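Trainee: Could you walk me through one part of this model closely? I would like to see how its pieces pack together.

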Amino acid sequence: MSADAGQGTDVLRLGVGPRLSEVAIHNGVVYLAGQVPDDATKDIRGQTAEVLAMVDKLLAEAGSDKTRLLRVQIYLADMADFAGMNAVWDTWVSPGHTPPRATVQARLGNPDWRIEVVVTAAV
């Protein structure tokens, strides 16, 4: 991932692209862009596992991990996937470190995506 110190600002950006950065770090807080699956052919369990693995990777690159989650927002294309998503979530989240979380149904950017996850964590 590329890093950009922000030209004299106190924001560190990782994975800087023309449209968005995958990560921004400011004042000890890590903000991740919405994470979506690479393989949209998987079911909700597969997509959820893939997205949460991406969250783990990005948090590690930012010097954090899932025990330091401050807030998680989960967007599902269909609330019928809620139980399947939670089955994967429950095995991923660290006991005693469950973050405040919201889960809503939303139309996602690709009709084949079942899930998008937005994470905020402490460094």
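Mentor: Happy to. Two residues are in contact when they have heavy atoms within 4.5 Å of each other. This is a predicted model, in which local features need pLDDT of at least 70 and side-chain atom pairs count only at pLDDT 80 or more, while totals for chains, interfaces and linings use all residues. Residues are numbered from 1 along each chain as its sequence is written, and side-chain values use heavy atoms, with hydrogens and water left out.

Leaving aside residues up to four places away in sequence, Glu50 touches Pro37, Asp38, Asp39 and Lys42. Glu50 counts as buried because its relative accessibility is 14%, and buried means under 20% (1.4 Å probe, protein chains only).

H1 spans residues 44–61 and packs against helix H2, residues 82–92, at an angle of about 35 degrees, with the axes 8 Å apart. Those axes are lines fitted to C-alpha atoms over the stretch in contact, and angles run from 0 to 180 degrees between N-to-C directions. On the H1 side, the contact is made by Ile44, Arg45, Thr48, Ala49, Leu52, Val55 and Asp56; H2 brings Gly84, Met85, Ala87, Val88, Trp89 and Trp92.

Trp89 also belongs to the largest nonpolar core, which has 26 residues. Such a core is a set of buried Ala, Val, Leu, Ile, Met, Phe, Trp, Tyr and Cys residues joined through side-chain atoms within 4.5 Å. Val23, Leu32, Leu59, Ile74, Trp89, Ile115 and Val119 have the most contacts inside the core. Two or more residues each come from strands S3 (21–26), S4 (29–32), S5 (69–76) and S7 (115–122), and from H1 and H2. H1 gives the largest share of this core, seven residues.

Now follow Val119, which touches Val30, Tyr31, Leu32, Val55, Leu59, Leu69, Arg71 and Val72, again not counting residues up to four places away in sequence. In S7, seven of the eight residues are buried. S7 pairs with S4 in the antiparallel sense over three bridges (pairing needs at least two DSSP bridges), and Ala121 in S7 is the bridge partner of Val30. S5 is joined to S7 by seven bridges, also antiparallel, with Tyr75 standing opposite Glu116 in S7.

Key. Helices (H or I, at least four residues) and strands (E, at least two) are DSSP runs, numbered from the N terminus. Buried means under 20% relative accessible area, exposed over 50%, partly exposed in between (1.4 Å probe, protein chains only).
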